[in-house]
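Trainee: I would like to go through this model and test each label against its cut-off. Where do we start?

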Amino acid sequence: MDFDSYYSIDSIIADNQKVPSEFLTDVPSLGWLQGGLDKDIKEGSKVDLPYWMSSTLALSEYDFLNLSIPGAFSGRVSNALLASPTYVKLANLNHFWYSFGLRISDLLEDNAKLQQSLRLAFSQRLIEIFDLGQYEGNVEDKSFESEFKAGMDELEKQLLEHCSRSAAKHKRL
């Protein structure tokens with residue numbers, strides 16, 4: 001469950017999530033990043049770059065680009081999480097919603113709102129994950145169980161697996 005390990009496949013996949021970026025200067029010979037036939041990237045060009053590249057360029061000493069918040073962390077998603085965190089299907093937004101959210105929040109200037117949204121979602125959804133792990137298969141409302149499980153991101157799935165194993169181990173004792 002170590003999402004920040006250099007050798008973690010989950011960490012590598014999270015680092016490859018796309019970040020909306022706007023170039024603040026012309027960049028020669030990188031037009032292929034836009035997917036077109038242009039040789040250069042022009043100032044003002046908007047490109048979805050993988051996190052590992054956008055973070056490197058955004059944190060460099062030169063102002064290469066501005067980053068925008070990805071759609072998976074928009075105000076609309078934050079409002080839905082405030083209304084009912086357990087009914088938001090995080091996996092549909094991003095399979096690595098928490099780990100990518102933490103990464104992107106480190107790059108954004110106004111990151112307090114995003115970090116609060118991540119904390120709220122995790123704390124509220126953790127209760128449901130713990131309940132499912134303890135009583136998986138014995139839940140009366142199967143539709144909620146399957147809907148919630150289908151919308152869990154990878155971290156939540158790993159937590160559920162861990163809770164289920166712990167509950168099974170304690171039942172045997």
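Mentor: With burial. Buried means under 20% relative accessible area, exposed means over 50%, and partly exposed lies in between. Keep in mind that this is a predicted model.

Trainee: Which residues of helix H2 are buried?

Mentor: Tyr-51, Met-53, Ser-54 and Ser-55. Helix H2 spans 51-58.

Trainee: Why is Met-53 called buried?

Mentor: Met-53 has a relative accessible area of 15%. The cut-off is under 20%, so Met-53 is buried. Met-53 sits in helix H2.

Trainee: What do the buried residues of H2 pack against?

Mentor: Helix H1 (9-15), strand E1 (18-23), strand E2 (46-50), E3 and helix H5 (97-105). Packing here rests on contact, that is, heavy atoms within 4.5 Å.

Trainee: How far apart are Met-53 and Asp-15, in sequence and in space?

Mentor: They are 38 residues apart in sequence. In space the distance is 8.8 Å, C-alpha to C-alpha.

Trainee: What makes H5 a mostly covered helix?

Mentor: The count. Of its 9 residues, 8 are buried. Those of H5 are Trp-97, Tyr-98, Ser-99, Phe-100, Gly-101, Arg-103, Ile-104 and Ser-105.

Trainee: Is Ser-117 buried or exposed, and which residues does it touch?

Mentor: Ser-117 is buried, because its relative accessible area is 9% and the limit is under 20%. Ser-117 belongs to helix H6, residues 112-135. Leaving out residues up to four places away in sequence, Ser-117 touches Ser-78, Leu-81 and Trp-97. Trp-97 is also one of the buried residues of H5.

Trainee: Why is Ser-29 called partly exposed?

Mentor: Its relative accessible area is 45%. Buried needs under 20% and exposed needs over 50%, so Ser-29 is partly exposed. Ser-29 lies in the loop between E1 and E2.

Trainee: Now the largest pocket. How much space lies in it, and which residues are closest to its centre?

Mentor: About 230 Å³ of space lies in the largest pocket. It is lined by 13 residues, and the closest to the centre are Leu-65, Asn-66, Leu-67, Leu-107 and Glu-109.

Trainee: Which elements supply the lining?

Mentor: Helix H2 and strand E3 (65-67) each give at least two residues. The largest share, 3 residues, comes from E3.

Trainee: How do the lining residues divide by class?

Mentor: The lining has 10 nonpolar, 1 polar and 2 charged residues.

Trainee: Which domains contribute to that lining?

Mentor: Domain 1 (7-65) and domain 2 (71-169), with at least three residues from each.

Trainee: Let us step back to the whole chain. How many helices and strands does it have, and in what pattern?

Mentor: There are 8 helices and 3 strands. Along the sequence the pattern reads α-β-β-α-β-α-α-α-α-α-α.

Trainee: What share of the contacts joins residues at least 24 apart?

Mentor: The share is 63%, among contacts between residues at least 6 apart in sequence.

Methods
Residues numbered from 1 in each chain as written. Predicted model: local features only at pLDDT ≥ 70, side-chain atom pairs only at ≥ 80, totals over all residues. Heavy atoms only, no water. 1 Å grid on protein atoms, 1.4 Å probe; cavity = no way out; pocket = protein on both sides within 12 Å on 5 of 7 lines; lining within 4 Å. Points joined across faces, edges and corners; volume = space filled by probe spheres on them. Helix = DSSP H or I, 4+ residues; strand = E, 2+ residues; numbered from the N terminus. Nonpolar A, V, L, I, M, F, W, Y, C, P; charged D, E, K, R; others polar. Domains from an automatic or database assignment. Buried < 20%, exposed > 50% of the residue type's maximum accessible area, 1.4 Å probe, protein only.
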